[in-house]
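The following report describes a single protein chain. Its sequence and structure are displayed first.

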Amino acid sequence: MQLPRLLFLLLALAGPVLAAKPLVYCADASPEGFDPGLWDSSSTSNVNNQMFQGLLGFKRGGTELIPKLATAWEVSPDATAFTFTLRPGVQFHRTAWFTPTRPFNADDVLFTYQRFINPQHPFNQAFAANFIYPQNLGLARQIASIEKLDDLRVRFTLRAPNVTFLSTFAMSFAGIQSAEYGAQLLKQGQAAQINRLPVGTGPYQFKRYEKDHVVRMQAHPGYWGGAQRTPALLYSISREPAVRVQKLIAGECQVTSPIRDVDVASVMRRPGVRLEKIQALNISYLAFNLRKAPLTDRRVREALDIAVDRDAIFKALFPRGDALQAVSAFPPVIPGFHQGLKNEFNPERARQLLAEAGLGQGFELDLWALPVARPTNPNGQLMAQLIQQDWARIGVRARIKTYEWGEYLKRANKGEHDVYMSGWSGDSGDADDFLTPNLSCAANKTGIKFCHPEFERLIDQARATTDPQARKQLYEQAQEIFKRERPWITMAHSTIYIPVRQDVRGFTMAPNGSVDFEGVYRE
């Protein structure tokens, strides 16, 4: 058969595949890197979630745990032993920089998790890494051992019971890395490449990253979950919310990161676009640097909190009225929420508290404005300006600062701030998913965050308690301490809106605002 004729026949047979359309997602920020365990920001996780998978996952649209790289699991009655049966035949990505010689197995699970808990692991010696989420969860303190029972069975044993531990295997940081790839990088003296050239098992594999512009991924041809109808997945990075909306309306992207409250009405009127909506498990807040005076004084933190006019801020930032003022560290829909807590707006009492703290003449501080738009904080600069005005009324002079997103996170982790804007989205629908990663002593290595012995005892006890009513009471007591000590100024829980072009099929929103493009395609 002549070559041109052969090519013609092959093209004819491949017609429907070649006609498949790429999918473009308008992202709100650049990824910090491509090693899932290193990062805890939603912008970075939203990229890595397409390429990496954990042993478990969350069912789309909810918090129910489902099989991923594990097909079955057993939990001991005392919640200290977790045994997983692994999925056979799972293929890692085959790329220009790595060719796997075997399927996924228990060695990959051990490699991934030993990096989290063992600073002396050879890979950690070659590539010093700060695993933020595993560290904040205290995994090294919790896990007593990880055993390879055979190629397709692994057991995790804890030092103390933890009824919430199973959900950690579905979280973004828990994407499984290839031990074989890690060994190759070590041999080549290029361990840091694990954060630049990723290799996972997910439906899409990394192709190229053009910094601050676009992340290009392509369908993983050997994906265990089946071939993807979308051949190419692109994350187009646009920091300005209005630009992302314009690109969606123009058809330059088919899905965007969550939009601002003020953009909802205009998007709803656009033909060819549908608006997905979900009440999210999220919170925005202002975090105090608890290593810096006078913020070390609880009276000062309370004064700054009760001087904030949340009603005025919500009118400006959430004009649709479907955001909820945050009172505690997690949303009211989560079991254990303390119904008796409330916010207070009392500038006069705020002035009295400052006087009691010896600051009757006021003081100066730096207030960091969030540089990216989030559903719970759609305009960090405006929020900062409104709070600046509120604080000025009690004699506190706030200097507003901000940085590019990656720099903002890096500087905040170093404790350069006085007060900075942050937020959190929960995965599991459990109170512990908000409290332990953010407010436990394990999350406070440098002294800038909250670490309170009685609060710690209560959340540790709640994790070890199987009785739902007893857990509820423990969480309520912990929230009373949180509200008294005020490590945060709690701001908002929001509804999340994601606009999607009408030709997109298979897309489902998640309660934490993340996106999953497995099985999503354009007609």
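Contact, as the term is used here, means heavy atoms within 4.5 Å.

## Basis and confidence

This is a predicted model, in which local features need pLDDT of at least 70 and side-chain atom pairs count only at pLDDT 80 or more, while totals for chains, interfaces and linings use all residues. Residues are numbered from 1 along each chain as its sequence is written, and side-chain values use heavy atoms, with hydrogens and water left out.

The predictor's confidence in each residue, pLDDT, runs from 0 to 100. Its mean over the protein chain is 94, and 96% of the residues reach 70 or more. Over residues 1-18, however, pLDDT stays under 50, and the model has three contacts beyond four places in sequence for this stretch.

## Threonine 230

Helices (H or I, at least four residues) and strands (E, at least two) are DSSP runs, numbered from the N terminus. Threonine 230 lies in the loop that joins β9 (214-219) to β10 (232-237). Burial is judged by relative accessible area with a 1.4 Å probe and protein chains only: buried is under 20%, exposed over 50%, and partly exposed in between. Because its relative accessibility is 0%, threonine 230 counts as buried.

Beyond residues up to four places away in sequence, threonine 230 touches Lys21, Pro22, Leu23, Tyr204, Ala219, Val520, Tyr521 and Arg522. Its side chain also reaches the backbone oxygen of valine 520 at 2.7 Å.

## Asparagine 377

Asparagine 377 occupies the loop between β15 (363-368) and α14 (380-392). This residue is buried, at 2% relative accessible area. A polar atom of the asparagine 377 side chain lies 3.4 Å from the backbone nitrogen of glycine 380. With neighbours within four places in sequence set aside, the contacts of asparagine 377 are Ser284, Leu317, Phe318, Leu370, Val372, Met383 and Met421.

## Helix α16

Helix α16 (residues 432-439) is largely enclosed by the rest of the structure, because eight of its eight residues are buried. Those buried residues pack against the helices α6 (132-137), α17 (453-463) and α18 (468-485), and against the strands β13 (282-288), β17 (419-425) and β18 (488-493).

## Second largest pocket

A pocket is an open set of points, on a 1 Å grid over the protein atoms alone, where a 1.4 Å probe fits, with protein on both sides within 12 Å along at least five of seven lines; lining residues have an atom within 4 Å of a point. The second largest pocket has a volume of about 570 Å³, a volume being the space filled by probe spheres set on the points, which are joined across faces, edges and corners. It is lined by 30 residues, of which Asn49, Gly57, Phe58, Ala170 and Asp516 are the closest to its centre.

Strand β2 (residues 56-58) gives the most to this lining, with three residues.

Definitions and conventions
Polar contact = N/O pair within 3.5 Å; in protein donor to acceptor, adjacent residues only side chain to side chain.
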